[in-house]
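Me: I'd like to go through this model with you and ask what stands behind each label. Could you set the values against the definitions as we go?

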Amino acid sequence: MDIDIDKLYKEIKNGNENKIAKAISMVEDGTKNALKLMEKVYKNVEPSYMVGISGPPGSGKSTLTQRIVQLWRKEDIKVGIIAIDPTSHFSGGALLGDRIRMNEIATDSGVFIRSMATRGSMGGLNSSIYDTVLLFSLAGYDYIIIETVGVGQNEIDIVKLADTTIFVTVPEAGDEIQAYKAGLMEVGDIFVVNKSDRPNSQQMVLTIEQLVSFKEGKDIWKPPVLSTNALKNEGVSNINKWINKHHTYLKDNNLLQKSRKNVIKAQMINLMEKTLNEKYIKPVLKDKKFEKYIDLIYEKKEDPYTVIEKLLLN
Amino acid sequence: MSDEKLKKTEKDWEENKYGKTVNRFGERKDEFKSDSGRTIKPLYTPLDLENIDYEESINYPGQYPFTRGVYPTMYRSKFWTMRQYAGFGNAKETNQRFRYLLDQGQTGLSVAFDLPTQIGYDSDHPLARGEVGKVGVAIDTLADMEVLFDQIPLDEVSTSMTINAPASILLAMYMVVAEKQGVNPDKLAGTIQNDILKEYIARGTYIFPPEPSLRIITDIFDYCSKEMPRWNTISISGYHIREAGSDAIQELAFTIADGIEYVQAAVDIGMDVDQFAPRLSFFFNAQMDLFEEIAKFRAARRLWAEVMEERFNAKKDKSKMLRFHTQTAGSALTAQQPMNNIMRVTLQALSAVLGGTQSLHTNSYDEALGLPTEDSVKIALRTQQVLAHETGAADTIDPMAGSYYVESLTDKFVKEAKEYIDKIDELGGMAKAIEAGFVQREIQESAYQTQKKVENKEKVVVGVNKFTEEESKKAENLLKVNPEVEKHQINGLKKIKEKRDDSKVNKALQKVKIAAQSEDKNLMYPIIEAVKEYATIGEISDVLRDEYGEYKAQYI
Amino acid sequence: MEKKIKVLIAKPGLDGHDRGAKVIARGLKEAGMEVVYTGLRQTPEQIVRSAVQEDVDVIGLSILSGAHTYLFPEIMKRLKDANRDDIAVIAGGIIPEDDHTELKELGIKAVFQPGTPISDIVDFIKNEVN
């Protein structure tokens with residue numbers, strides 16, 4: 001069923017929550033109408049400022065997100081939040097529980113919270129995320145938070161989309177920090193040690209400072225390591241200060257364009273992989289011949305490389 | 001028979017007699033598992049008690065570690081208190097139900113409060129709309145409390161109040177009502193539930209965050225140790241944890257771990273353990289697996305005694321005695337074929353009696369449908385009376401002792417619960433474990449597994465997944481809460497506010513505020529003064545909210 | 001891309017019994033649905049706002065306190081005001097049979113009593129949405 005794209009576009013621009021929500025669903029479902037809408041959106045909409053937040057479970061980052069948003073709201077900044085949770089590979093379903101920790105901003109008319117499951121994405125990056133960022137931008141949300149949980153490659157890929165990336169951890173993470181992928185240290189613009197009332201919190205700050213100290217050189221952004229207690233609302237305005245500093249840094253050094261182009265590149269690669277998967281890989285997986293090939297390889301009558309050439313490249 | 005010989009003969013029986021019969025006739029199931037998922041052997045013998053020393057681990061009633069009962073004579077001197085949880089609508093209606101129950105032979109009162117009262121909201125608060133008087137009685141001020149206990153002599157009746165976050169306020173009100181009856185606080189017997197940790201875990205009627213909540217609780221411990229020596233300051237509860245879906249061992253372990261946290265909190269502020277521990281009490285669930293439950297109760301006593309002796313160096317016996325109230329499991333009762341619930345409650349109650357409970361509430365058969373009617377609560381009460389007077393179950397102490405099954409199960413429960421407690425110690429104690437979501441996750445996992453077992457019929461629930469009926473006879477005459485209650489309550493509250501002296505109220509609330517801000521003032525005293533001036537539950541709670549903030553649930 | 005069924009599980013009012021809500025939420029997730037769970041003490045306003053922003057197909061209300069007589073009509077009214085009364089609303093918990101007719105008249109599609117298997121709820125939702 002075709003819908004009036006121009007009308008929908010206008011309604012989103014006017015901030016109609018029902019329509020914004022519906023558009024996001026369309027995008028998540030990948031309908032034809034969604035493609036038409038996004039065509040217009042990409043050609044017209046300037047993405048708003050994005051802040052990415054992630055951290056291991058239990059780090060209190062959702063609470064922190066709420067606090068930061070409350071600060072922004074005092075300055076009348078409108079905020080869109082995309083809260084991402086993993087889809088179960090087993091069932092295809094997901095439990096989206098981030099709203100629990102954002103009850104206080106849930107009824108603020110200047111805040112839009114959308115929970116999103118990673119769905120069948122390759123890795124963690126769901127192309128709907130950036131599309132939703134644009135939809136929020138169209139709707140007039142000044143700042144957009146992309147929030148996810150975990151510090152693995154998937155989560156890094158997600159929060160990398162953002163202009164400013166914040167990683168949250170807690171004092172007890174201890175030795176796990178050493179195991180954090182190098183990617184995290186490279187990608188993070190601001191590091192936060194939450195639950196500052198716990199023992200070892202200062203130690204953790206020092207540990208992370210050491211880990212990011214490789215970033216030397218003039219005009220290079222040196223990520224601060226900040227201490228907070230989100231529940232008690234301590235240290236939050238400091239984070240905000242640094243977010244603003246980073247935003248200014250990006251603008252002053254003409255880095256915003258580079259960063260945005262990287263996002264588009266990531267989105268393109270993601271969509272290409274998705275398209276290829278849909279067009280070439282899924283049909284092969286569904287084909288009965290595929291199972292037969294597996295048997296043949298098991299019986300040592302074929303090898304995977306030759307088979308794939310046959311299946312895909314001919 | 002020597003152990004060596006026994007091992008031989010048992011093996012012989014297993015392989016020959018038993019094994020051969022199993023091969024011929026099979027057994028009803030491939031595996032027999034208890035309600036908590038533990039494997040049940042076909043047979044228990046003296047060999048199962050090999051490593052259990054009677055004097056060390058079982059001993060005699062009234063003697064450490066109290067496995068066989070906290071008192072030397074137990075029910076031979078006095079039956080358990082028959083204490084039916086009751087409350088709905090306004091104070092007048094609940095007072096009527098109290099007096100009805102006492103007339104029918106109940107021996108203690110148990111008060112159910114509505115949700116606004118439990119969460120420190122007055123009946124006219126926007127969040128109270130639709131909730132006033134629904135799950136319990138609505139109490140806004142001392143005036144309601146006075147009506148609630150009208151014609152009930154507080155020097156003769158003991159009262160248990162299921163109130164947690166605002167327990168200090170309700171305790172203060174109870175005390176003042178008694179005073180007006182001419183009864184001194186040191187004569188008052190009863191309990192306040194006052195167990196905030198389980199609210200975060202399983203029940204949800206919290207107000208303030210953990211730290212200030214523990215402060216309020218230890219203030220109550222201190223106050224009562226001086227002014228109300230016959231009052232049980234807390235009812236450390238496993239009932240709700242079980243209802244939320246935990247198994248029997250989790251119920252046991254988490255309850256004891258909560259107890260450890262409370263004792264530690266009091267000890268940390270300098271209280272002497274023997275000063276307050278004798279007035280700690282507990283509250284357990286009585287579920288369907290008869291022998292597991294009996295073992296659980298016995299294990300609880302032994303576990304707590306060992307904790308108090310070894311961890312806290314308590315000197316008095318009374319500090320090591322786990323006294324408990326039991327409620328039969330509401331979650332085991334069904335909406336389908338409700339009369340079946342009468343049998344369920346009977347057997348659950350039996351387990352509590354054989355487990356040595358100090359007081360007991362039996363659910364009414366319409367539990368899954370609504371609040372109990374007079375008729376249904378009477379049957380529930382009669383269940384206890386039949387148990388007490390007709391079965392002989394109460395005529396000897398701890399009759400299940402010596403059962404190879406029950407003793408080995410008791411011992412196993414103690415060991416498994418200790419493992420959980422060790423884990424919680426590693427996490428830094430119950431408060432930290434709750435903050436980390438560990439306890440909640442364990443409970444939810446059990447709850448989910450139970451649901452799966454019921455749906456695939458591994459766990460049979462008669463009338464629900466077996467022996468079902470198409471059109472079950474509709475339950476008639478369910479209790480309906482008077483829809484006018486909310487209006488009446490709000491009007492009553494308005495009148496009280498008009499009559500009272502506002503300047504005195506404000507002064508009193510100021511004093512509460514100052515005490516809340518200080519670290520060395522006991523909150524009970526200013527709360528009592530405020531209550532006397534007819535300050536409302538909402539007003540007093542709001543003072544504390546301003547100081548302490550509200551708890552925000554972090555975990556699913 | 002597959003279309004997913006999105007469900008909001010909500011606990012309206014002061015009732016703190018969330019065992020059922022959580023078990024259902026997990027059951028629906030294992031049936032392949034995306035479940036938004038918003039925790040305890042949700043006001044009608046919060047529930048409807050969540051439903052709107054998340055563009056859910058179904059709202060499942062869980063309540064055991066008897067306060068449904070006030071809260072449910074409030075929720076349905078706000079849903080209508082938000083132009084989203086196309087969202088299917090179902091309920092469970094302790095809701096007396098006598099109240100079911102009234103609730104159905106309000107637009108609530110089904111009231112599930114204790115003991116309902118998860119599969120029944122999953123099937124009902126799948127039917128409603130398609």
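Me: Thanks! To start, which residue in β4(C) is the bridge partner of I59(C)?

Reply: The partner of I59(C) in β4(C) is V89(C). A word on the ground rules: this is a predicted model, where local features need pLDDT of at least 70, side-chain atom pairs count only at pLDDT 80 or more, and totals for chains, interfaces and linings use all residues. Residues are numbered from 1 along each chain as its sequence is written, chains are lettered from A and ligands numbered from 1 in the order written, and side-chain values use heavy atoms, leaving out hydrogens and water.

Me: What makes β3(C) and β4(C) a pair?

Reply: Two strands pair if DSSP finds at least two bridges between them. β3(C) and β4(C), residues 88–93, have 6 bridges in the parallel sense, so they pair under that definition. Strand β1(C), residues 6–10, is joined to β3(C) by 4 bridges, also parallel, with V7(C) partnered by V58(C). Strands here are DSSP runs of E, at least two residues, and helices are runs of H or I, at least four, numbered from the N terminus.

Me: What makes E17(A) and R49(C) a salt bridge?

Reply: The definition asks for a side-chain nitrogen of Lys or Arg within 4 Å of a carboxyl oxygen of Asp or Glu. The side chains of E17(A) and R49(C) meet at 2.5 Å, N to O, so the pair qualifies as a salt bridge. Chain A and chain C have 5 salt bridges between them. E435(B) and R198(A) also form a salt bridge, at 2.7 Å, and the count between chain B and chain A is 2.
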